[in-house]
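Let's take a walk through this structure together. Keep the sequence and the 3D view at hand as we go.

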Amino acid sequence: MVVTVTARGPARAEPGLWALFAAGGTVAAFLMPVHAAILGIAYAAGWLPADALAYDRILDLARAPLVKAYLAVLLVPPLFHWAHRFRFILRHQAGIHRARRAVAVACYGTALIGTGVAIALIVRI
């Protein structure tokens with residue numbers, strides 16, 4: 001079996017983009033439900049103390065460097081997961097084949113802008 005590799009620009013970036021897609025899907029599948037369970041179910045049901053999510057307490061927690069790294073991991077990979085999935089939805093289901101590069105730039109550019117905003121906000125905490 002012979003595998004041919006082309007030197008086109010988008011083909012070189014494809015494995016990295018698929019890796020970001022997989023990382024974002026993993027984070028969305030494993031970490032997001034935990035946050036939904038804690039914030040949406042456990043706290044609302046009264047299983048946590050009333051001051052567990054007090055503003056001052058959460059702010060002190062969010063200022064820790066390890067928590068900032070965790071927040072970055074929680075927010076950034078799902079943006080690229082969305083971008084990759086949305087790109088392929090536009091291409092395969094919406095039938096936008098001629099503007100492949102423009103769609104890719106728009107999707108991944110949006111993910112990069114979202115990453116910059118998320119990192120800036122996390123650092124600013």
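Start with Arg57, which is partly exposed because its relative accessible area is 48%. (Buried means under 20% relative accessible area, exposed over 50%, and partly exposed in between, with a 1.4 Å probe and protein chains only.) The side chain of Arg57 meets that of Asp51 in a salt bridge, at 3.6 Å from N to O. Asp51 is partly exposed too, with a relative accessible area of 45%. A salt bridge here is a side-chain nitrogen of Lys or Arg within 4 Å of a carboxyl oxygen of Asp or Glu, and by this rule the count comes to 1.

A word on the ground rules. This is a predicted model, where local features need pLDDT of at least 70 and side-chain atom pairs count only at pLDDT 80 or more, while totals for chains, interfaces and linings use all residues. Residues are numbered from 1 along each chain as its sequence is written, and side-chain values use heavy atoms, leaving out hydrogens and water.

Now find helix 4, residues 65-93. (Helices are DSSP runs of H or I, at least four residues, numbered from the N terminus.) Helix 4 has 29 residues and reaches 42 Å from its first C-alpha to its last, close to the expected 42 Å; that expected span is 1.5 Å times one less than the number of residues. After helix 4 comes Gly95, with a positive phi near 75°.

Along helix 4 sits His84. Is His84 buried or exposed? It counts as buried, because its relative accessibility is 1%. If you skip its neighbours within four places in sequence, His84 is in contact (heavy atoms within 4.5 Å) with Glu14, Leu17, Trp18, Phe21 and Tyr108.

Leu17 and Tyr108 turn up again in the largest nonpolar core, along with Val76, Phe80, Ala83, Leu90, Val103, Ala104, Cys107 and Ala111, for 10 residues. Helix 4 and helix 5 (100-124) each supply at least two residues of this core, and helix 5 gives the most, with 5 residues. Such a core is a set of buried Ala, Val, Leu, Ile, Met, Phe, Trp, Tyr and Cys residues joined through side-chain atoms within 4.5 Å. Ala111 touches Leu79, Phe80 and Ala83, not counting residues up to four places away in sequence.

Over in helix 1, look for Gly24. Gly24 is buried, with a relative accessible area of 0%. Beyond four places in sequence, its contacts are Pro77, Pro78 and His81. Ala29 is also in helix 1, residues 9-30, but Ala29 is partly exposed, with a relative accessible area of 48%.

The largest pocket is lined by 15 residues, and His35, Leu39, Leu53, Ile58 and Leu61 lie nearest its centre. Helix 2 (32-42), helix 3 (55-62) and helix 4 each supply at least two residues of that lining. As for cavities, the count comes to 1 of 30 Å³ or more. The largest cavity is lined by Arg87, Arg91, Ile96, Ala99, Arg100 and Val103, with helix 4 and helix 5 each supplying at least two of the lining residues.

Notes:
On a 1 Å grid over the protein atoms alone, a cavity is a set of points where a 1.4 Å probe fits but cannot get out, and a pocket is an open set with protein on both sides within 12 Å along at least five of seven lines; lining residues have an atom within 4 Å of a point. Grid points are joined across faces, edges and corners, and a volume is the space filled by probe spheres set on the points.
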